[in-house]
Amino acid sequence: MKINGVEIDNTFAEAFPMKATRLIITAMSYKWAYRAANSLTGFASSIIGCGCEAGIEYEINERHTPDGRPGISVLIFATSTRQLAEQVLKRVGQSVMTTATAACYSGLHTADRIPLGKSLRFFGDGYQISKLVDGTRYWRVPVMHGEFMCEESTGVTDAIGGGNFLVFAKSSRHGLAACEKAVKAMKKVRGAVTPFPGGVVGSGSKVGSKYKFMNTSTNHLYCPTLKGRVPDSALSEKVGSVLEIVIDGLDKDAITEAMRTGIEVTCSFGPRRGIYRISAGHYGGKLGPHHFHLHKILK
Amino acid sequence: MKPLTLTLKEPPSQRVELSALIPDRLSGMRRSAIAAIRLQCGNRKVKVGDLFSLSGGDASQLQLRGDLGKFDGIGAAMAAGVITVRGRVGHQLGAAMRGGRIMVHGDAGDWLGANMHGGRIEVRGCAGNQVGGGLPGDAHGMDGGTILIAGNAGMRVGDRMRRGIVVVKGDTGDYCGARMLAGTIVVFGNAGDFAGAGMRRGTVILIRKPERLPASFNYCGILKMQFLRILFHHLTREYPNLPELRGRGPLCDRYCGDLATGGKGELMILRASYPY
């Protein structure tokens with residue numbers, strides 16, 4: 001299969017079940033809402049070392065936020081509800097509550113819930129106030145900028161992490177030009193985020209290592225500098241850089257839509273602008289139950 | 001099916017307890033069976049059919065018509081359905097109500113929504129004393145639901161209320177929000193003296209500063225209370241006839257109190273609109 005001269009491998013992305021929540025962060029302005037959201041989703045690229053994966057989903061107009069201020073929707077993913085609860089508390093407490101004028105609300109209304117203000121209220125040292133409005137409990141924690149508003153809890157849902165595709169490019173510059181545009185287009189897909197910096201992975205990993213103390217290591221088959229060093233390199237001579245876009249989503253449809261959008265935009269660059277091939281990462285299909293076949297997605 | 005409508009034939013000589021006529025109890029009953037329900041009228045019993053003429057059949061949309069100023073306990077303990085009253089009503093309208101909605105196109109007596117747990121009451125006229133309060137013997141007043149009064153309300157609005165929202169578009173008497181345990185009261189008119197006296201927690205929101213506040217309230221300054229945004233957003237969504245809220249909040253003069261009882265309550269005097 002080829003799109004605009006770019007070869008699409010007949011392979012699939014292998015993804016895993018995760019637990020996720022959506023938070024709505026509001027603040028005095030988009031600038032400050034982004035500061036809180038960027039801080040919360042910082043160091044949340046890979047579950048391997050960060051405890052969770054997180055990303056900014058979309059901007060919310062003030063007419064549609066709980067408190068009528070500019071808002072940002074954020075998705076957070078973890079391997080279990082317990083791990084998710086732990087990460088949400090740490091990140092909201094350290095990143096949102098500490099951002100001047102910021103407030104935090106649940107963006108997911110499911111029966112399965114994890115604490116938000118229910119635990120963070122204790123920062124109020126006894127001066128916190130709860131308010132029940134329209135069946136939702138909010139906590140008002142007195143802080144130095146005024147009051148930190150936080151919803152009592154947030155919903156948790158089953159989600160999928162690890163949707164991905166690989167971009168084989170002439171150089172990093174060529175690859176990033178296409179990937180940046182792809183990530184921008186993928187942001188329009190609701191329910192999916194690209195948790196890595198700028199949405200692009202520059203150092204994809206494989207499971208295992210020659211070192212016993214390492215669980216993962218560099219994906220040597222896709223390293224351009226190892227083309228002449230490893231006999232089974234997956235790269236042709238003209239490929240000088242491989243970039244990966246990882247997608248976490250609330251459901252299969254969101255990941256499928258994000259992958260299709262991203263691949264189509266990437267392919268629009270074509271070989272003349274340094275994009276040669278699209279592939280996807282998997283582990284033989286034995287580890288993750290969700291398989292996203294590239295040819296099926298792009299059919 | 002048309003709503004079940006009870007039209008008063010003539011006002012009774014003594015007060016009538018009408019708490020037996022709630023939609024969740026009447027649904028499924030024949031009109032003849034409803035007409036045979038016996039109500040307490042002073043020291044005797046009277047049948048519903050003797051007091052009212054009945055029409056329609058949908059008891060989930062109960063309509064009461066006439067001057068019901070001597071009828072107490074309308075909608076008391078109801079959990080579902082809608083009661084619409086066209087006329088004056090007596091005391092304890094919606095007392096201990098759990099759900100559903102009551103709309104009164106007229107005035108209401110004392111203890112409106114006393115010890116209410118949920119649901120909504122809307123009074124297009126004025127209300128008496130002790131709106132949302134606790135009846136003698138109750139541990140506290142209303143602990144859920146919303147009461148909206150388009151006119152004035154009497155003394156001690158929200159006395160000992162524990163949760164829920166009371167909105168008074170007109171004036172209130174003295175001791176509005178007195179002894180509150182929690183919850184929210186909004187007054188668009190003039191609140192009487194000593195608003196919030198003895199309140200332990202809860203919020204009293206006023207448009208105008210009362211002439212006399214309890215001495216045990218301290219001024220916290222002019223502050224932006226983001227909670228007001230959420231509250232007003234909810235109220236304007238649920239009650240489109242609240243134009244008074246447009247352009248209000250979150251800027252307010254905040255007083256904390258009653259310091260004699262812990263000081264976790266608050267009085268907010270709203271200021272004009274302020275962006276974010």
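**Notes on the predicted model**

1. Together with Ile25(A) and Val167(A), Ile76(A) has the most contacts inside the largest nonpolar core, which has 170 residues. Strand 3 of chain A, spanning residues 12-26, gives the most to this core, namely 8 residues. At least three residues of the core are drawn from each of domain 1 and domain 2 of chain A. As general background, nonpolar side chains in soluble globular proteins tend to be buried together.

2. The domain layout deserves attention next. The assignment for chain A places 2-14 and 160-297 in domain 1, and 19-157 in domain 2. Taken over C-alpha atoms, the centres of these domains of chain A are 30 Å apart. Their contact takes 11 residues from domain 1 of chain A and 14 residues from domain 2 of chain A. On the side of domain 1 of chain A that touches domain 2 of chain A, the residues divide into 5 nonpolar, 3 polar and 3 charged.

3. A helix pair in chain A may be examined in the same way. Helix 5 (residues 172-186) and helix 6 (residues 252-267) of chain A pack at an angle of about 145°, and their axes are 8 Å apart. The crossing of helix 5 of chain A past helix 6 of chain A is right-handed.

4. Which residues of helix 5 of chain A meet helix 6 of chain A? From helix 5 of chain A they are Ala178(A), Cys179(A), Lys181(A), Ala182(A), Ala185(A) and Met186(A). Their partners in helix 6 of chain A are Ala258(A), Thr261(A), Gly262(A), Val265(A) and Thr266(A). By class, this contact of helix 5 with helix 6 of chain A has 7 nonpolar, 3 polar and 1 charged residues.

5. Finally, there is the contact between chains. Here 16 residues of chain A are in contact with 14 residues of chain B. On the chain A side, strand 8 (129-133), strand 9 (136-143) and strand 10 (146-151) each supply at least two residues. Strand 8 of chain A accounts for the largest share, with 4 residues. The side of chain A that touches chain B comprises 8 nonpolar, 2 polar and 6 charged residues.

Methods: Residues are numbered from 1 along each chain as its sequence is written. Chains are lettered from A and ligands numbered from 1 in the order in which they are written. This is a predicted model: local features need pLDDT of at least 70, side-chain atom pairs count only at pLDDT 80 or more; totals for chains, interfaces and linings use all residues. Domain bounds come from an automatic or database domain assignment. Two residues are in contact if their C-beta atoms, placed from the backbone, lie within 7 Å. Ala, Val, Leu, Ile, Met, Phe, Trp, Tyr, Cys and Pro count as nonpolar, Asp, Glu, Lys and Arg as charged, and the others, Gly among them, as polar. Axes are lines fitted to C-alpha atoms, for helices over the stretch in contact, and angles run from 0 to 180 degrees between N-to-C directions. A crossing is left-handed if the near helix is turned anticlockwise from the far one by less than a right angle, and right-handed if clockwise. A nonpolar core is a set of buried Ala, Val, Leu, Ile, Met, Phe, Trp, Tyr and Cys residues joined through C-beta atoms within 7 Å. A residue is buried if 20 or more other C-beta atoms lie within 10 Å of its own, exposed if 12 or fewer, and partly exposed in between; C-beta atoms are placed from the backbone.
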